Amino acid sequence: MSDELALVLESLRETALAVAPIAVILVVFQRFVLRRHLVDLRRIVVGFVFVVVGMAVFLTGLQEALFPLGRVMAEQLTSPELIGVDPALATWSDYWWVYVFGAAIGFATTLAEPALIAVAIKAAEVSAGTINAWGLRISVAIGVAIGIAVGCLRIVTGGPLPVYIISGYVVVALLSWKAPSPILALAFDTGGVTTSTVTVPLVAALGLGLATTIPDRSPLVDGFGLIAFASLFPMVTVLVHAHLATRRARHAHIPQEA
Amino acid sequence: MAPDVETRHGDAGRAEPRGRGVVGLVTGVFRHDVAGSVRDLLPIVLVVAFFQAVVLRQGIPGVGRIVVGAVAVVVGLALFVRGLRLALFPVGEQMAFGFARKGSTAWLVAFAFALGFTTTVAEPALIAVAAEAADVAALGGAIADSEAARASYATGLRLTVAVSVGLAIVVGVLRIIRGWSIRVLIIGGYVGVLLMTLVAPADIVGIAYDAGGVTTSTVTVPLVTALGVGLASSIRGRNPLTDGFGLIAFASLTPMMFVMAYGMVA
């Protein structure tokens, strides 16, 4: 138990160090530029303690339990024994469990991503309830799932990363032009928040495992790039979701007018 | 006080009751947020259990430790979400209102840059990516394969990314004030990424694309989001939903361009 406590304390120190510069900036600008007192300072201080302690306990739990297990699973799933075929002869379809696992773990880790929870709560708040926080998080998670699966497929087939990503940008650009939406800025934001504390370590382990197993792939070069896929597809799924919701609302409305 | 039966993610607009003691704040976490955190973690548990039982057909080593870890994740997440509502959101909003009242764009720009730069430069995920990028560069012969050369390459990269995130928050804040089109800015950014991809060394491209995703940390995102939404709601003619978001989007885009530029110059 004392080992766990030591880990939590170490994690607490790291989190406090990461939050300290932010706190300094906030205090300096509040005190010397805005020269106003924060409303309800006591609650804010308690809240900051909650954030730091919460992050430290959360990260310790992830590092102690979930990350090692996830890494072992990623290694096992990409190992030649499970694929059942000599890697030199395997085709892209022999790795189908990897795509399924990548999609499932991408979906699941996205739902536990604290930054996305924050953005979803804020979006629900400012939209006065027209955006459902849980619905938004599920659309984003579906996007990450598709992104990781496609990203794994790219590592297996060895296609050039920029071609995939730039094609994705073209789709996002067309969607944002053809289907203008009040949540366009929110959709762009979801690309950046999906991949952080929970998703990145597990997804990176999967990419590394794949690139190591498959002949002629460099873990250093091909292992990268999965995160980029996971940031790209949520923008697509959130925009498509918003577009469908608008259309559905419009279609539901027409018979009433007629 | 009426019993609160709402779920955590659904009770967005609800104000925190004021004046409760610290004990009340702590017990509040366990009443409201633990159930939500269990729901957030459950999908991971199900995916891991399914693949262990059905595909890998192996027992899970060290079940006890994993259960302890999962409980820590749930408790930590519940505390974080409560702290979000108590501190990060109100601070971001109050700062936004303060700057709007002061009416000084210059100070707001300085604050936006400082926030973006400081939160990024110490980001652990970025430190890891920078170290890997230095390995790639040393392997490819772009820099000398020595400890010192790699360290200075990694530090330079971190500063580059931190500056790019600072600039991104500045552009995002100016967009909210001036009402620039997010479509034009983001698609313009994509064109920039495309052009840089064509001329940047191939080895750096994958790292640059990933750098976009890792720069925005868990503490930065709620603060910056609350700042944007707060600014958009305090400036006449701006809508918090359509104009308040987008700061994170810029912060994910500029590092890609800056990292590729760094790969060409360094």
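Buried means under 20% relative accessible area, exposed means over 50%, and partly exposed is in between (1.4 Å probe, protein chains only). Keep those words at hand for the tour.

This is a predicted model, in which local features need pLDDT of at least 70, side-chain atom pairs count only at pLDDT 80 or more, and totals for chains, interfaces and linings use all residues. Residues are numbered from 1 along each chain as its sequence is written, chains are lettered from A and ligands numbered from 1 in the order in which they are written, and side-chain values use heavy atoms, with hydrogens and water left out.

**Stop 1: a pair in chain A**

Select Arg43(A) and Asp40(A). Their side chains meet in a salt bridge, 3.3 Å from N to O; the term stands for a side-chain nitrogen of Lys or Arg within 4 Å of a carboxyl oxygen of Asp or Glu. Is Arg43(A) buried or exposed? Arg43(A) counts as buried because its relative accessibility is 8%. Asp40(A), at 25%, counts as partly exposed.

**Stop 2: one turn of a helix**

Now select Glu10(A) and Arg13(A). Both lie in helix α1 of chain A (residues 2–34), three residues apart, which is about one turn of the helix. Helices here are DSSP runs (H or I, at least four residues), numbered from the N terminus, and strands are runs of E with at least two residues. A salt bridge joins Arg13(A) to Glu10(A), with the closest N and O atoms 3.3 Å apart. Arg13(A) is partly exposed at 46% relative accessibility, and Glu10(A) is partly exposed too, with a relative accessible area of 34%.

**Stop 3: a buried threonine**

Move along chain A to Thr190(A), in helix α8 (residues 184–193). With a relative accessible area of 0%, Thr190(A) is buried. What does Thr190(A) touch? Leaving aside residues up to four places away in sequence, Thr190(A) touches Val140(A), Pro234(A), Met235(A) and Val238(A). Touching, or contact, means heavy atoms within 4.5 Å.

**Stop 4: where the chains meet**

Show both chains together. Here 102 residues of chain B are in contact with 95 residues of chain A. The size of an interface is often given as the accessible area lost when the parts come together. Between chain B and chain A the buried area is about 8900 Å², and carbon and sulfur atoms give 78% of it; buried area is the accessible area (1.4 Å probe) that two parts lose on being put together, summed over both.

How many salt bridges are there between chain B and chain A? The count is three, while over all chains it comes to nine. Pick Glu93(B) and Lys122(A) to see a bridge between the chains, at 2.2 Å from N to O. Then select Glu64(A) and Arg65(B), whose side chains meet at 3.7 Å from N to O. This pair crosses from helix α2 of chain A (residues 41–78) to helix α2 of chain B (residues 63–102). Arg65(B) counts as partly exposed, at 45% relative accessibility.

**Stop 5: helix α4 of chain B**

Select residues 124–139 of chain B. This is helix α4, with 16 residues, and it reaches 23 Å from its first C-alpha to its last, close to the 22 Å expected at 1.5 Å a residue. The expected span is 1.5 Å times one less than the number of residues. Buried residues in α4(B) include Leu126(B), Val129(B) and Val136(B). Ala125(B), also in this helix, is partly exposed with a relative accessible area of 26%. Just after α4(B), Gly141(B) takes a positive phi of about 80°.

**Stop 6: a nonpolar patch**

Finish by selecting Val191(B), Leu194(B), Leu195(B), Leu198(B), Val199(B), Met264(B) and Val265(B), which form a nonpolar patch on the surface with about 680 Å² of accessible area together. Areas come from the Shrake-Rupley method with a 1.4 Å probe, and for residues only the protein chains shown count as cover. Patches are made of residues with over 30% relative accessible area and no salt bridge, with like charges joined within 9 Å and nonpolar side chains (Val, Leu, Ile, Met, Phe, Trp, Tyr) within 5 Å.

Which helix gives the largest share of the nonpolar patch? That helix is α6(B), with five residues. Val265(B) lies in helix α10 of chain B, and it counts as exposed at 75% relative accessibility.
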